[in-house]
Amino acid sequence: MKTSKIAYKPVGLVLGTVSGVLAGRVFKQVWKKFGHEGDAPDATDEQHGWRKVLTAAVLQGAIFAGVKAAVDRGGAVAARRLTGIRPG
């Protein structure tokens, strides 16, 4: 394993945590904008229908993937600018 990959691992772990927290906050705000009260339903929640459960899951997945990609890409670009080496 290259030294740059090893050195970037802790940074990547921190960025992963940050992106998860950020994505959770973004999702909650978007869910509220769609006019839903409270938290999104879980897949096993019998009080809500298929449409609402699947809408929440798809929306949450898209937001998490988008935020993670943006944070990972930003971290890689910043690391390359600071070190001159592309991590990964």
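1. A nonpolar core, as the term is used here, is a set of buried Ala, Val, Leu, Ile, Met, Phe, Trp, Tyr and Cys residues joined through side-chain atoms within 4.5 Å, where buried means under 20% relative accessible area, exposed means over 50%, and partly exposed lies in between (1.4 Å probe, protein chains only). The largest such core here has eleven residues, namely Tyr8, Leu15, Ala23, Phe27, Trp31, Ala56, Leu59, Ile63, Val67, Val71 and Ala79. Helix H1 (3–33) and helix H2 (50–83) each supply at least two residues of this core, and its largest share, six residues, comes from H2.

2. This is a predicted model, in which local features need pLDDT of at least 70 and side-chain atom pairs count only at pLDDT 80 or more, while totals for chains, interfaces and linings use all residues. Residues are numbered from 1 along each chain as its sequence is written, and side-chain values use heavy atoms, with hydrogens and water left out.

3. On the overall fold, the chain has two helices and zero strands, both being DSSP runs numbered from the N terminus (helices are H or I of at least four residues, strands E of at least two). The chain is more spread out than a compact globule, because its radius of gyration of 17 Å is well over the 12 Å that the globule rule gives for 88 residues; the radius is taken over C-alpha atoms, and the rule is 2.2 Å times the number of residues to the power 0.38. Along its principal axes the C-alpha trace spans about 50 × 25 × 15 Å.

4. As for burial and surface, buried residues make up 19% of the 88 residues in the chain. The accessible surface comes to about 6,800 Å², and 60% of this belongs to carbon and sulfur atoms, with areas from the Shrake-Rupley method and a 1.4 Å probe, only the protein chains shown counting as cover for residues.

5. Helix H2 has 34 residues and reaches 49 Å from its first C-alpha to its last, close to the 50 Å expected at 1.5 Å a residue, the expected span being 1.5 Å times one less than the number of residues. The buried residues of H2 are Val53, Ala56, Leu59, Ile63, Val67, Val71, Gly75 and Ala79. After H2 comes Gly84, whose phi is positive, near 85 degrees.

6. Contact means heavy atoms within 4.5 Å, and among contacts between residues at least 6 apart in sequence, 58% join residues at least 24 apart. Trp31, one of the core residues, touches His36, Gly38, Asp39, Ala40, Pro41, Lys52, Ala56 and Leu59, not counting residues up to four places away in sequence.

7. Ser19 has its place in helix H1 and counts as buried because its relative accessibility is 4%. Its side chain reaches the backbone oxygen of Gly16 at 2.9 Å. Leaving aside neighbours within four places in sequence, Ser19 is in contact with Val67, Lys68 and Val71.

8. Phe64 lies in helix H2 and, at 31% relative accessibility, counts as partly exposed. Phe64 is in contact with Gly20, Ala23 and Gly24, again leaving aside neighbours within four places in sequence, and its C-alpha atom is separated by 9.5 Å from that of Val21, 43 residues apart along the chain.

Technical notes
Polar contact = N/O pair within 3.5 Å; in protein donor to acceptor, adjacent residues only side chain to side chain.
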